[in-house]
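I opened my notebook to record what I looked up in this structure.

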Amino acid sequence: MPNKIPRVPVREQDPLVRAKNFEEVCYGYNAEEAQLEASRCLHCKNPRCVGACPVSIKIPEFIGKVLAGDFRGAAGVIAEDSSLPAVCGRVCPQESQCEGSCILGIKGEPVAIGKLERFVADWSHANGGSGAVVPAPNGHKVAVVGSGPAGLACASDLAKWGYSVTIFEALHKAGGVLEYGIPEFRLPKEKVLAKELEEVKRLGVKIETNVIIGRTVTIDALMDKEGFEAVFIGSGAGLPKFMGIPGENLNGVFSANEFLTRNNLMKAFREDYLTPIHAGKKVCVVGGGNVAMDAARTALRLGAEVHVVYRRTEVELPARVEEVHHAKEEGIVFDMLTNPVEVLGDEKGWVRALRCVRMQLGEPDESGRRSPVAIPGSEFEIPTETVIMALGTSPNPLISKTTAGLDVTRRGCLVADETGATTRRGVFAGGDAVTGAATVILAMGAGRTAAKAIDDYIKTL
Amino acid sequence: MYEILKKEMLTPTICRMKLSAPRLAAAARPGQFLIVRADEKGERIPLTISDYDAQAGTVTIVTQKIGASSADIIAYEEGEGFADVVGPLGLPSEFVEMAHEKLAGQRYILIAGGVGTAPVYPQAKWLKEHGIPVDVIIGAKTRDLLIYVEEMRGVCDNLFICTDDGSEGFKGMGTHMLEHVVSEGHQYTQAVIIGPMIMMKFTTMTCRKLGIPATVSLNTLMVDGTGMCGACRVSVGGKTRFACVEGPEFDGYEVDFDEAMRRQGQYKAEEAEANEKHVCKIGRGK
């Protein structure tokens, strides 16, 4: 019988302490806590959580093994469907996926599936890894463009089926957005991400860094000269958006991408690295998604007073509830129903204030959210040293521009069918490069779907 | 690791290195650049490509010691290597992809300032190889800072040297040299200017006065070099452009140089602090 206890709380770093460091916010469960939480699972006959997981992890099965104390067995169950469990346990929006569909959530709190996944993955990394073996090669070569969630998921599945897979990464470190975008305090790089990458490499996947597909080498050359029979493009959505308001090129206005890349990939927060970063005394972050929360909380840790400026209300914030909650606990100020109209500079060309207008919610737009409307005559200034634009990103055109026969949508996204097949034979795509900016787990799901399609395609050759 | 096959000091502060980077060497074209990260803790530094050899799998870079990061690069020796070398980045020079009929009627003047002389070299070489008339002006503060003089002589029709102090060649800046050359009857359909931002600004003004279209190569700040960070944004013709993927070459007449210069200095305060703390690696006990 399941245990009718409340959801086991997870230990976290004190907000006032963590606001000054880059250590991980959440400590995760220990074995005892994990087993207690696992005892809450009802083991539904038709587990809705599995259907709600984009990579269909056999959730009740792994939770059963946790309850039995068979943590290695639990890791094995997860590994069948996910190559990045320690990452997903930390950054997935479980509240709208697995946990959001948990029966226990109807009357009380759902099982803490994400925290259990994280526990199992961390335990596995600390105890020698999953022990996966390199399968016998099947003699076929596949190239994967981008080492982010989509590429890693696709490469892992293909490698498990015996394909020789090479991932090409434009930056000097593998991981994509997991490396350059998500901060250390949400996803530790050495302790967690590096270990997951090791697991992927253990399957025989090769990762070649410093190769920009479209510049260093083209898709055509990979297929015609290097013998890759199929290519998966998981190049993400890397281009930052700006608002197009006056003053955006003043000194002190940064894209969230630049700010986060300097701090995460280039480790600006560490004294022993040369990378410069500019936060100053006060920072305004424009936007309300997870990237805005990451930028805001990073600026806070660099010593700034931070305001999040968003044109709708808190209810509409696209960021995960947990991230907003953490940001508030740490002392970040939320200026809602506020929209910037101009960045104002001083005589030297540096930001001195953000000129904003107050908004009110009007009629619902096509996304179903009530669209914000400016209140006439309500303009005011927020004095600030730095402005970080976190307005979303779009796919990089480098690959589509240099590959014949690869169609893109009006928004610059690669055209792909439900299996990931693009308009070019043998070329597949998935993740943010196809959908525009979304989540880690959706990209992984798309990577897995495309891996299956690539396997089917190569078998027909 | 990307091995340093050859290292020479061209002046006491300007260094030339030949690196092993086969994929990059096979893809490089005139006008493009690359990014070097010396070691795990270094910055990603954009540098112009001053030569490339697809057969040998090598690229050549020329670096001037300015801040902590460039000093680190110069401190490396032959046989050692850099953690990362990536590229080619940016678009090739316009003439590389120009239709032959259009290119055939052109007469180029390439105007180089200081360390900007290095990336001018592959451009002159390409034009010369394709039989397009090309003259080159090399300008430097003083004779000891002149680089690529002999190499350049072999890849252009006329080479004009000028120094601010007159210690070599014409006494004056590149702008004066250009006016002088044109007054002597040389005619050009296109100028390409590569050097410090301030030099490109004033040389563009001179070109405008002389009615010569001018292309400039912008050395903006950047992190990834692939369009991701937006640190490199410049105003060209009133529109924001990313120098890393839409440049680095733009129509000089349209570039907002004052904004570009201001943006270049964005991390000056942080860098000054870093320089103070920086432990020089020259002679790091190998």
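**Ground rules.** I noted that this is a predicted model, in which local features need pLDDT of at least 70 and side-chain atom pairs count only at pLDDT 80 or more, while totals for chains, interfaces and linings use all residues. Residues are numbered from 1 along each chain as its sequence is written, and chains are lettered from A and ligands numbered from 1 in the order in which they are written.

**Chain A.** I looked up the secondary structure and found 18 helices and 16 strands in chain A. Helices (H or I, at least four residues) and strands (E, at least two) are DSSP runs, numbered from the N terminus. The radius of gyration of chain A is 23 Å, close to the 23 Å that the globule rule gives for 461 residues, so chain A is as compact as a globular protein of that length. That radius is taken over C-alpha atoms, and the rule is 2.2 Å times the number of residues to the power 0.38. Along the principal axes, the C-alpha atoms of chain A fill a box of roughly 65 × 60 × 50 Å.

I then looked up burial: 55% of the 461 residues of chain A count as buried. A residue is buried if 20 or more other C-beta atoms lie within 10 Å of its own, exposed if 12 or fewer, and partly exposed in between, with C-beta atoms placed from the backbone.

**Chain B.** I counted 10 helices and 16 strands here. A compact globule of 286 residues would have a radius of gyration near 19 Å, and the 18 Å of chain B agrees. Of its 286 residues, 50% count as buried.

I checked the confidence next, using pLDDT (the predictor's confidence in each residue, from 0 to 100). Chain B has a mean pLDDT of 92, and 96% of its residues reach 70 or more. Two residues are in contact if their C-beta atoms, placed from the backbone, lie within 7 Å.

**A helix pair in chain A.** How far apart are the axes of H4(A) and H5(A)? Helix H4 (residues 59–67) and helix H5 (residues 71–79) of chain A pack with their axes 7 Å apart, at an angle of about 170°. That makes H4(A) roughly antiparallel to H5(A), a label for angles over 145 degrees. Among the residues making the contact are A:Phe62 of H4(A) and A:Val77 of H5(A). I also listed the buried residues of H5(A), including A:Phe71, A:Ala74 and A:Ile78. The buried residues of H5(A) pack against H4, helix H6 (85–91) and helix H8 (113–126) of chain A.

**Between the chains.** For the complex, the predictor gives an ipTM of 0.92 and a pTM of 0.93. I found 31 residues of chain A in contact with 36 residues of chain B. On the side of chain A that touches chain B, strand S5 (239–240) and helix H13 (256–263) of chain A each supply at least two residues. The largest share of that side, 4 residues, comes from H13(A).

Methods
Axes are lines fitted to C-alpha atoms, for helices over the stretch in contact, and angles run from 0 to 180 degrees between N-to-C directions. Angles under 35 degrees count as roughly parallel, over 145 as roughly antiparallel, 65 to 115 as roughly perpendicular and the rest as oblique.
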